[in-house]
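Trainee: I've got a new structure open and I'd like to learn how to read it. Could you walk me through it?

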Amino acid sequence: MAGHFENGSLLVQPLSDAQASILDFLFPGFTRMSTAVQWYLTIDLSVYAPLLCFFGLFVFACGRICKYLLGLLETYYTLTIHLQYRKDTYDMLILWISSQSFAQNARSSLV
């Protein structure tokens with residue numbers, strides 16, 4: 001047992017160097033905290049660790065996929081035209097865009 005009560009105080013067995021994980025180098029005190037959480041909650045953290053890793057990888061992959069798809073959309077489905085605002089083509093383009101149905105519900109436009 002990791003610890004027991006004696007005279008109202010909690011005694012916890014010290015961890016040896018062999019028990020220390022590599023996570024202790026990245027997050028000092030991780031082994032002691034995980035042992036304490038496991039003892040207080042009476043759960044086995046090794047059951048939940050793979051689930052947390054899986055969901056972390058899933059969220060990471062979803063973020064990467066979304067960025068990739070948005071990059072494709074911006075590359076192939078957007079159009080950039082450079083016009084000087086002093087030219088007649090600028091005025092004609094503004095009039096044409098404002099007459100289109102998709103622009104009627106827009107709050108603002110960047111031209």
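**Contacts and ground rules**

Mentor: Let's begin with contacts, meaning heavy atoms within 4.5 Å. Among contacts in the protein between residues at least 6 apart in sequence, 19% join residues at least 24 apart. Keep in mind that this is a predicted model, where local features need pLDDT of at least 70, side-chain atom pairs count only at pLDDT 80 or more, and totals for chains, interfaces and linings use all residues. Residues are numbered from 1 along each chain as its sequence is written, and side-chain values use heavy atoms, with hydrogens and water left out.

Trainee: What order do the elements run in from the N terminus?

Mentor: Helices (H or I, at least four residues) and strands (E, at least two) are DSSP runs, numbered from the N terminus. Here the order is β-β-α-α-α-α-α, so you have 5 helices and 2 strands.

Trainee: What span is expected for helix α2, and what does it reach?

Mentor: The expected span is 1.5 Å times one less than the number of residues. Helix α2 covers residues 30-41, 12 residues in total, and reaches 16 Å from first C-alpha to last, close to the 16 Å expected. Just after α2, T42 has a positive phi of about 50°.

Trainee: How many disulfides are there?

Mentor: A disulfide is a pair of cysteine sulfur atoms within 2.5 Å, and the count by that rule is 0. For C62, the closest cysteine sulfur is in C66, 6.4 Å away, so that's too far for a bond.
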